Amino acid sequence: MATILMLNGPNLGLLGLREPAIYGHDTLEDVEAACRDALQGTGHELDAFQTDHEGAMLERVHAARQDADAVVINAGAWTHTSIALLDALSAFEGPVVEVHISQVHRREAFRHHSYVSARADAVIVGCGVQGYEFAVLRVARLLD
Ligand code: CA2
């Protein structure tokens with residue numbers, strides 16, 4: 001049994017509670033439940049972590065070297081700013097899939113560049129929260 005770690009960065013704890021026109025009505029809890037359902041029968045389990053603190057995220061990525069086999073990450077705004085997060089993800093050896101709920105390339109120019117993409121094995125953008133399910137199924141396939 002492999003462990004897939006789903007990471008969500010700043011403000012994503014507000015999912016379903018604010019800005020439904022952009023991010024939809026599902027809460028992060030709903031998304032985690034949908035991903036656990038999607039993984040039923042694959043033999044893989046989901047662990048999930050959200051933080052608004054960059055240092056806490058870096059430490060969780062470091063710990064993933066010991067306690068996770070793959071990472072699905074929506075780094076939120078850190079996607080566009082954090083070389084530190086890219087460096088932490090680069091030290092993780094398993095598959096990494098990047099998710100963005102919104103179609104970032106149709107939004108402001110500052111959302112078009114992702115540091116995380118330099119490490120990601122796949123990037124899922126603009127599929128709404130369903131993108132997380134696609135991402136966990138993709139890493140499950142990569143782990144098999
Ligand atoms: O589309 C995405 O998933 C983003 O990663 C979301 C980030 C944004 O900075 C990225 O450019 C694209 C923002 C996450 C904020 O999440 C909220 C959720 C509900 C209400 C308010 C913010």
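This is a predicted model: local features need pLDDT of at least 70, side-chain atom pairs count only at pLDDT 80 or more; totals for chains, interfaces and linings use all residues.

**Entry 1: the annotated binding site**

I began with the UniProt record, an unreviewed entry, which lists N74, H80, D87, I101, S102 and R111 under "binding site". UniProt positions are given in the numbering used here, feature names are shortened, and annotations may be inferred rather than shown by experiment. I then looked at how these residues are placed: they are spread over 38 residues of sequence and also spread in space, up to 24.4 Å between C-alpha atoms. From this list, N74, H80, I101, S102 and R111 are included in the lining of the largest pocket. A pocket here is an open set of points on a 1 Å grid over the protein atoms alone, where a 1.4 Å probe fits, with protein on both sides within 12 Å along at least five of seven lines; lining residues have an atom within 4 Å of a point.

Residues are numbered from 1 along each chain as its sequence is written, and side-chain values use heavy atoms, with hydrogens and water left out.

**Entry 2: around the ligand**

Which residues come nearest to the ligand? Of the 17 residues around it, I noted N74, H80, H100, I101 and S102 as the nearest; a residue counts as near if one of its heavy atoms lies within 4 Å.

I looked up the atom pairs next. The side chain of S102 has an N or O atom 2.5 Å from an oxygen atom of the ligand. For I101, a backbone N or O atom lies 2.7 Å from a ligand oxygen. The side chain of H100 places an N or O atom 2.9 Å from an oxygen atom of the ligand.

I found S102 in the loop between β4 (96-100) and β5 (122-125). Strands are DSSP runs of E with at least two residues, helices are runs of H or I with at least four, and both are numbered from the N terminus. S102 counts as buried, because its relative accessibility is 8%; buried means under 20% relative accessible area, exposed over 50%, and partly exposed in between (1.4 Å probe, protein chains only). Leaving aside neighbours within four places in sequence, S102 is in contact (heavy atoms within 4.5 Å) with I22, Y23, R107, V125 and G126. The side chains of S102 and R107 are joined by a polar contact of 2.8 Å. That term stands for a pair of N or O atoms within 3.5 Å; within protein, one must be able to donate a hydrogen and the other to accept it, and residues adjacent in sequence count only if both atoms are side-chain atoms.

H80 sits in the loop between β3 and α4 and is buried, at 17% relative accessibility. Beyond four places in sequence, I found H80 in contact with F110, R111, H113 and Y115.

**Entry 3: the annotated active site**

The "active site" annotation in the unreviewed UniProt entry covers Y23 and H100.

Is H100 buried or exposed? I have H100 as buried, at 7% relative accessibility, and its place is in strand β4. The H100 side chain makes a polar contact with the side chain of E98 at 2.7 Å. Not counting residues up to four places away, H100 touches N74, T79, I124, V125, G126 and C127.

Y23 lies in helix α1 (residues 20-23) and is partly exposed, at 22% relative accessible area. Among the residues that Y23 touches are I101, S102 and R107.

**Entry 4: S82 and helix α4**

S82 is also worth a line: I found it in the loop between β3 and α4, buried at 3% relative accessibility. Its side chain reaches the backbone nitrogen of L85 at 2.9 Å. Leaving out residues up to four places away, S82 touches E54 and Y115.

In α4 (residues 83-90), I noted L85, L86, A88 and L89 as buried. Seen down the helix axis, the buried residues fall within an arc of 165 degrees, so they line one face of α4; the arc is that of the directions from the axis to the C-beta atoms. These buried residues pack against α3 (54-67) and β3 (70-74).
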